[in-house]
Every structure is written in structure tokens, then in C-alpha cells.
Amino acid sequence: MSERSLSDYLAYLVAQTHRKLHGDLERELQAEGVSVEQWRMLEVLSERRALSMGEIADLVLMNHPALTKMTDRMVSRGLVHRLPDPQDQRRVLVTITDLGYELFERVRGHVEEQNSALEERLGHRRSAALRKLLGSVIDLGVAGR
């Protein structure tokens, strides 16, 4: 049996890359008192439309219990509002507040800076190739099943 290193596994390398980029961005956003996940939520709500908790969970890559706790904190800070869905009273919709939108605008600069720096280091051609490659991995699903 051949010996493999942990770094021989693609899933490990992707996870390690995520950890590095996420940690770098988290440190940048701390100055604004925002986590990466909170930025993602503000980003998806920035179009000023109401989304359900389920839609937000899918878009910001969070499980429902963690999203609920984070949303509670964001509501208490005045960044988002919860509203009953007028079409279905069992569902809760979330919208961004003016204060949340102002914070989003400030935070977005940090995110754009990180993205631009990464794209500059990789170059346009490799950045485009990486986007395409990662998109195809996402489309494949788990282990191509």
C-alpha cells in the first residue's frame, strides 16, 4: 500500500484553502465587528428583498440553528428585521435595515480588497480557470455521485 500524505487529498486542500481565506477575511472584518457569515448574510440581503431563513441558510452556507442564533444577534444590533411572510404565516422573512446596509457598504470594501488581491496574485487567466474548476466540482456533487 502506498503512503499518502494528507495534502494528497483534494478535499483536504480545498478545506485548507477555505480555512486560510476565511481566516484572513475574518481578521479584516473584525475591525467592523462583523463575522464572515454575517457579511455573507448582509451581502445576500443587500438587494433589499426579503428572504426566508431557509433561503439564507442555503446561500450563506450555514445550518439552521447557527443561522438562527446569528440572526438573533443581528436583529439585536439593528442590522436586520424579521417579518412574517404575508403568503405563509409559518415562514419568517428577513430583510436588511438601513443600518445593516450602511455596514454592508463599509464591509464590502474589505471583501473586495481580499478578492482583488487574490485575483491579482493568480492573474486573470488562472482566476477564471479556478472559478470554472471549482464550479465544476460543485456541480459534480460529493465524489461525482
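The model is predicted, so local features need pLDDT of at least 70 and side-chain atom pairs count only at pLDDT 80 or more, whereas totals for chains, interfaces and linings use all residues. Residues are numbered from 1 along each chain as its sequence is written, and side-chain values use heavy atoms, with hydrogens and water left out.

Asp-88 forms a salt bridge with Arg-90, and the closest N and O atoms of the pair are 3.0 Å apart. A salt bridge is defined here as a side-chain nitrogen of Lys or Arg within 4 Å of a carboxyl oxygen of Asp or Glu.

# The chain as a whole

The protein chain contains 6 helices and 3 strands. These elements are DSSP runs numbered from the N terminus: helices are H or I runs of at least four residues, and strands are E runs of at least two. Along the sequence, their order is α-α-β-α-α-β-β-α-α.

The C-alpha trace spans about 60 × 35 × 25 Å along its principal axes. Of the 145 residues, 28% count as buried. The chain exposes about 10,300 Å², of which carbon and sulfur atoms supply 55%; the accessible areas come from the Shrake-Rupley method with a 1.4 Å probe, and for residues only the protein chains shown count as cover. Among contacts (heavy atoms within 4.5 Å) between residues at least 6 apart in sequence, 48% join residues at least 24 apart.

Strand S3 comprises residues 92–96. Because 4 of its 5 residues are buried, S3 is largely enclosed by the rest of the structure. Two strands are said to pair if DSSP finds at least two bridges between them. Strand S1 (residues 51–52) pairs with S3 in the antiparallel sense over 2 bridges, and Ser-52 has Leu-93 of S3 as its bridge partner.

Strand S2 (residues 80–84) also pairs with S3 in the antiparallel sense, over 5 bridges. Here, Pro-84 has Val-92 of S3 as its bridge partner.

# Helix H5

Helix H5 covers residues 98–122. Its 25 residues should span 36 Å at 1.5 Å a residue, and the C-alpha atoms at its ends are 36 Å apart, which agrees. The expected span is 1.5 Å times one less than the number of residues. H5 bends by about 25° at Val-107, where the bend is the angle between axes fitted to the seven residues ending there and the seven starting there. After H5 comes Gly-123, which has a positive phi near 90°.

The buried residues of H5 include Gly-100, Leu-103, Phe-104, Val-107, His-110 and Val-111. Their cover includes helix H1 (10–30), helix H2 (36–45) and strand S3. His-110 has a relative accessible area of 18% and is therefore buried. Apart from neighbours within four places in sequence, His-110 contacts Leu-25, Glu-28, Leu-29 and Glu-32.

# Further salt bridges

How many salt bridges does a search of the whole structure find? The search finds 11. Side chains of opposite charge can pair when their charged atoms come close. Arg-91 is partly exposed at 34% relative accessibility, while Asp-85 is buried at 6%.

The side chains of Glu-112 and Arg-108 also meet in a salt bridge, at 4.0 Å, N to O. These two residues are separated by about one helical turn because they are 4 residues apart in H5. Glu-112 is partly exposed at 41% relative accessibility, and Arg-108 is partly exposed at 32%. Elsewhere, a network of salt bridges links Lys-20, Asp-24 and Arg-27.

# Positive phi angles in loops

Arg-48 is not a glycine, yet its phi is positive, about 65°. Arg-48 lies in the loop between H2 and S1 and is partly exposed, with a relative accessible area of 43%.

Leu-61 is likewise not a glycine and has a positive phi of about 65°. The place of Leu-61 is in the loop between helix H3 (53–60) and helix H4 (64–76). With a relative accessible area of 65%, Leu-61 is exposed.

Definitions and conventions:
Buried means under 20% relative accessible area, exposed over 50%, partly exposed in between (1.4 Å probe, protein chains only).
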